[in-house]
Structures are given as C-alpha cells and as structure tokens.
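Open the model in your viewer and show the side chains. The stops below say what to select and what is there.

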Amino acid sequence: MPKFIYELLPYSYLIAGTALMLVQKGTLVGIAGFALYIAGALCWVTRACYRQRHGRRYPTSEYRDDPKLSVDPIDNYQRSIALPEKLYEYLPFGYMFAGILSYQVYLHLAPSYLSVIATTLFTTAGLCIWMLRGYYRGYHRAHSPVLND
C-alpha cells in the first residue's frame, strides 16, 4: 500500500464515520458511521503508540548531553499523566464524538442554543487536543528527529 494512502486511512475513516453519523437516516447507517469512527480512532492511536515506542525521545535525553541547552525543569522531566494512558489517548476522539452526539440532540430532540454551544465546545476541544498532540509528538515535520531515531 502506498505511504500516502496508508497515512490518510485513519483520517478517512474518521471523516467518513462522522459524515455517516451526521446524515443518518436510520439506525444501521448510524451504527456503520460509529464503527468507522471507532476504526479511525483505533488506527490513529495504534500508530501514535507504535511511533512513540519506536522512536520517541523524551526531552531529558535530548538536553542532558548539551550543557548549553540544559534547563532545570527539563532535566527533571518526568512523564506524569493523571488519566490511564489508553483513556488519555482516546480523549480527543471522545470529545469530538460528544460534539457529534450533541449535534444529533440539536437536530432531532431539542433544538436550542445550548446544543449549538455544546457542539461547538466539544468539537473544538477535541480538535485542539488532537492537533496539539500531533504537533508536540513531531508529526508535523517531514524529517522529524523524534520519528527517525
């Protein structure tokens, strides 16, 4: 499979699943959209965990050898996550899914400005967290030293 297609698969799954859930006319279409959305999230998280395990360096190892770049907080860097790691990884997808659900509530059950606000906040929070994770993990660089160890 070409790398271009391979890299776009999780995003394609997420977009197709979201589109199916938003335009659902029946239960079966909604379930198919949910399955595609979950497949995209699983694919993205699996790749992120694999890339992190096989090429991610923590700032400590980058700055420890160079005294000019050494900064006390980075020297004492410890990974601390208050949430379990799996829950932490799926959090942006959960936020975006909550945005989709609140949009469904707006369309079908109770059209109100609160549903629009909830949809906007959940979706924006999920997208921001997801983009920041990708940025800080170095996915934005074509030849990232983090990914090419």
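**Charges, rings and cysteines**

Select arginine 133 and tyrosine 88: the charged end of arginine 133 sits over the ring of tyrosine 88, 3.9 Å from the ring's centre. Keep in mind throughout that this is a predicted model.

Next, select arginine 47 together with tyrosine 6. Here the charged end of arginine 47 sits over the tyrosine 6 ring, and the distance to the ring centre is 3.7 Å.

Now turn to rings that pair with other rings. How many aromatic pairs does a search of the whole structure find? The search finds 8. One of them joins phenylalanine 34 and phenylalanine 97; their centres are 5.2 Å apart, and with 55° between the planes the pair is tilted. Colour the chain by helix to see what this pair links: phenylalanine 34 belongs to helix 2 (residues 27-53) and phenylalanine 97 to helix 5 (residues 85-109). The two residues are 63 residues apart, so the pair links distant parts of the chain. Show the surface at phenylalanine 34, which is partly exposed, with a relative accessible area of 36%.

Finish with the cysteines. Is cysteine 43 buried or exposed? Cysteine 43 has a relative accessible area of 19%, and it counts as buried because that is under 20%. Cysteine 128, at 40%, is partly exposed. If you look for disulfides, the structure holds 0.

Note on methods. Residues are numbered from 1 along each chain as its sequence is written. This is a predicted model: local features need pLDDT of at least 70, side-chain atom pairs count only at pLDDT 80 or more; totals for chains, interfaces and linings use all residues. Side-chain values use heavy atoms; hydrogens and water are left out. A disulfide is a pair of cysteine sulfur atoms within 2.5 Å. Buried means under 20% relative accessible area, exposed over 50%, partly exposed in between (1.4 Å probe, protein chains only). Rings of Phe, Tyr and Trp (its six-membered ring) pair if their centres lie within 6.5 Å; planes under 30 degrees apart count as stacked, over 60 as edge-to-face and the rest as tilted. Helices (H or I, at least four residues) and strands (E, at least two) are DSSP runs, numbered from the N terminus. A charge sits over a ring if NZ of Lys or CZ of Arg is within 6 Å of the ring centre and within 35 degrees of the ring normal.
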